[in-house]
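Here is a short briefing for a first look at a structure.

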Amino acid sequence: MSVYRRSIWVFHLNTGSCNACDIEILDVLTPYHDVERFGIKLVASPRHADALLLTGPITKESLPKVIDALLAVPEPKLVIAIGSCTCGGGIWYDTYSTLGGLNELYRVLKEEYGIPEPPTVKVPGCPPRPEAIIYGVALALGIVKQKYSTTKVRVE
Amino acid sequence: MVDVVKTLYEVLGGKILRHEVIRDGVVIDVRPEDLVSVVKGITEGLGGIYTVVVGVDGRGIDNTYHSIYVFSLDELKTYVLIRVRLSPEDPKVESITPIVKGANWGEREVRDLLGIEVLGHPDPRTLILPDGWPSNTYPLRKDFSYCERPRLDNPGSNYVPQRSEEVVALPYGPYHPLLHEPEYFELHVKGETVVDVEYRGFHVHRGIEKLGESRLTYNQVPFVAERICGICGFVHNVCYCQAVENAAGIEVPERALYIRSLVLEVERIHSHLLWLGVACHVLGFDTGFMHAWRIREPVMYLAELLTGSRKTYGINLVGGVRRDVNRDSIEKVVKILKKVKEEYDHFVKSLTSVKEVVKRLEGSGILPKSEAISYGVVGPTARGSGLKRDVRVDHPYAAYKEASFRVPVYSECDNMSRLLVRVDEVYESISIIDQLIDKLPSGPIMAEDVEVPEFREGFSGVEAPRGEDVHYVITGRFSKVYRWKVRAPSYNNIPALKVMLHECPLSDAPLTIASIDPCFSCTDRLVVVDVLTGRKFRVDLRTLARRGKL
C-alpha cells in the first residue's frame, strides 16, 4: 500500500455527500488536528494531487466529473473513501439518483474505460471522526498497520 | 386562528372553497383558475412572503394531484397553505412565477418530479433531474419505485459555454477550490464585472424524499432527515418530527422541547463559526479561517457531550428525544461556553479591525429589501437586508418562548451586514443556552401515546443557521409517511444571487456566493440531473482548467 514515502497531497471531491464528512475533513486540516504537520496538504487541482478524498454515494450527475477528476490525478494514485456512503453506498445503495458507492464507480471505470481499481483505503463512519480519517491516511502511508484482517466467505 | 381565517375571508371573499385550520397554519382550497388572483391577494393584501411549493401525488387519497403554495404571514404569525386540486390524467396549473419570483424553482421542481405542467412559466429548463433522464418518468409519482434506476441517455456530452464579443461566460465549479460542494455557476462577465449568473446545481440529489415516503417508517425518517445536511442536520430532524407531531396532535413533554432547543443552538454556534472561517478563507485571510475553526472545536466536543456524537446526533424521535442530559454534562457545557465566548470575542474584535477584510465586505453583494421580499429570502440573508424574519419569533417552536433574545437586523444589505448578523447571532445563541440551562425542567423526555392517524397534514418551520427550514408531511398508512417535502433555506436564497452578483466585480463573486452560506446538500435533496433545453449541460475539468481563456 505504501507507494508514498513522504508527504501526500490530497484533492477533496464531494460526490453528493451531506457535508458532514466534508467538514470533518476540513476539521482535520485546521489547528486542532493539523495534519499539515505530517505533510498532508489539501490542493486545489487534481493534477497536483497524490490522493483523492472521496465523500458521498456518487450521484449520477456527479459521475462524469468524478471520473474526469480521477483520470486527472497522476500515477501512482490513491483513493481514500471517507464515510459510509462512499464505502458501500450507505442508505442510498439503491436509490434512483445515485450509483450506490465506490464499488459501482470501479465497475463503471473498468467496463467503460478499462481502468483497474486504484489502491483504496476505506474509512467508514457517519461521519468518521477526525481521528479515524487521520488513521486512514496513516494506513495508506504505511505508518500504521491495519488492525484487522478479512476473509471472504461465499454464501451458497 | 379565528382572526386569521376571518382576515383571509375578508381579503379573498368567495374564492375560498373550504378552509381547514391545522397547527401552525391554515389550509385553504381554491379553484385552479382562481390561483393567481388568490396569490396576489395574499402577497399584496396581507404581506405574505413566499415559502414553498409542494406537489403531491394525491391519487391514493382523492384521485387528484395537489399543488400547494405556502406563504408565511409573519405579522399574523401563521402560514397559509393554498391548495389546488388537479385532474389525475392531465395535471396542469397556471404559473405564479410572474408575480412571485421566488416560486421559480418550486414550480420547476413540481414539474420535474411529479409531471405537473406549469403553464406560462418563464423558464422551461429542467431543474433537478440528471442530464439525459428519460421523459415521462417522474420519480415522486407513486407508481415509480424508489429503487428504479432508469438508464440515462447520453450523459456527459460536451458543453460549450455561451459567449459573445463582450460578454464572456466564466465557469465557476462544479469542483472549485473555494466550493466544498459540487455546484456549477456560470458567471457572465463583461470586462471585470459580472452581469449575469446561471446556476446548475442538484449534483447532490440523492432521492431522500422518495426514500422517506417508500421504504422507511415514521421513526426511521428522522435519522435519514439528519443526513440531508451534515452541517445543520439536527434542524431537519427537529422540523420533520414537529411536522408529524403537528399532524397527529402529539404533545411533546417540556424537557424534550428544552433539549431540542439546546442542541439546535449548539448547532447554530458551530455552523456560524464554520461559516466565519470559510468566509475568511474566501477572502484570502487564512489566519482567520484557522482561528475560527480552532474556536469551533470545543463546540463540537460540547455537542458530543450533550448527544453522544460530534455530528448527526440521532437523538430525536416523533414525540420527544431519546437521550437525556445529566447534571454533570450541563456543568461542563456552561464552563466550555464561557471559554468559547471569551475566545470568540477576541476573534471578532480582531476580524472586524482588519482594514482589508472590512473594505472587501462593505458595499459588495447588495440585495435590496424589495428584492429580498420578492425572492422570499430567509435567515441571515434576509436579516442582512433589513427584513426582520426569524422563525423562532414569528412561528415559535420548541422552547424558544421561554428565552428572551434579540434578533439582529442590519439594513446595509451588503456582505458586511450578513456577516455582522451571524456574528451577533452567536452571542445570542450562547445567551439562549445559558437561559435554557437555568430553566431546564425535570420530567419525562418522551410523549406517552404516540399514535399517528392516517392522511393528516402537518407543516412546520425551524430556524436553521442559514434561515427558515420547512417540512410538510401527509401521514399515511402502515406507519409510513405519504408525502414528505423538505424545503431547505438555501433553496430560497440561491436564486437571489442573481441580484447580488449583478454589476459586482469578479473578485467579489466568490465572497458574495459564500455570503449566503449556501448549503447545496440541503437544497438538492431530491434527484441529480439537469438539462438545459436544446443544449447539453456539463462542464468537465478541462473546461475548468481553461477558465478565463474560453
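With which residue does K142(B) form a salt bridge? The partner is E213(B), and the closest N and O atoms are 3.2 Å apart. A salt bridge here is a side-chain nitrogen of Lys or Arg within 4 Å of a carboxyl oxygen of Asp or Glu.

This is a predicted model, in which local features need pLDDT of at least 70, side-chain atom pairs count only at pLDDT 80 or more, and totals for chains, interfaces and linings use all residues. Residues are numbered from 1 along each chain as its sequence is written, chains are lettered from A and ligands numbered from 1 in the order in which they are written, and side-chain values use heavy atoms, with hydrogens and water left out.

**Domains of chain B**

- The domain assignment of chain B gives domain 1 (2-119), domain 2 (128-203 + 528-550) and domain 3 (208-490). Such bounds come from an automatic or database domain assignment.
- Domain 2 of chain B puts 8 residues in contact with 10 residues of domain 3 of chain B. Contact means heavy atoms within 4.5 Å.
- About 850 Å² is buried between domain 2 and domain 3 of chain B, 63% of it on carbon and sulfur atoms. Buried area is the accessible area (1.4 Å probe) that two parts lose on being put together, summed over both.
- The rule finds 1 salt bridge across this interface of domain 2 and domain 3 of chain B.
- Between domain 2 and domain 3 of chain B, 5 residue pairs are in polar contact, both at pLDDT 80 or more. A polar contact is a pair of N or O atoms within 3.5 Å; within protein, one must be able to donate a hydrogen and the other to accept it, and residues adjacent in sequence count only if both atoms are side-chain atoms.

**Chain A meets chain B**

- Here 47 residues of chain A are in contact with 60 residues of chain B.
- The two chains, A and B, bury about 4300 Å² between them, and carbon and sulfur atoms give 62% of that area.
- Between chain A and chain B there are 5 salt bridges. R129(A) forms a salt bridge with E304(B), with the closest N and O atoms 3.0 Å apart.
- The interface of chain A and chain B also has 9 residue pairs in polar contact, both at pLDDT 80 or more.
- On the side of chain A that touches chain B, β1 (9-14), α1 (20-29) and α2 (63-72) of chain A each give two or more residues. The largest share, 7 residues, comes from α1(A).

**The sheet of chain A**

- An open sheet of 5 strands runs in the order β2-β1-β3-β4-β5 (chain A), with parallel pairing. Helices (H or I, at least four residues) and strands (E, at least two) are DSSP runs, numbered from the N terminus. Two strands pair if DSSP finds at least two bridges between them.
- β2 (41-42) and β5 of chain A stand at the edges with a single partner strand each, so one side of each has no neighbour in the sheet.
- β4(A) and β5(A) pair over 4 bridges in the parallel sense. I82(A) stands opposite V123(A) in β5(A).
- α1(A) lies across β1, β2, β3 and β4 of chain A, at about 140° to β3(A). Axes are lines fitted to C-alpha atoms, for helices over the stretch in contact, and angles run from 0 to 180 degrees between N-to-C directions.

**A sheet in chain B**

- In chain B, 3 strands form an open sheet in the order β13-β14-β15, with antiparallel pairing.
- The twist of this sheet averages 15° from one strand to the next.
- Helix α6 (residues 233-248) of chain B packs on the sheet and touches β13, β14 and β15 of chain B. The direction of α6 makes about 150° with that of β13(B).

**Backbone exceptions in chain A**

- Most residues other than glycine have a negative phi, and most peptide bonds are trans.
- I58(A) is not a glycine, yet has a positive phi of about 65°.
- A cis peptide bond joins E75(A) and P76(A), with omega about -10°.
- The peptide bond from C126(A) to P127(A) is cis, with omega near -10°.
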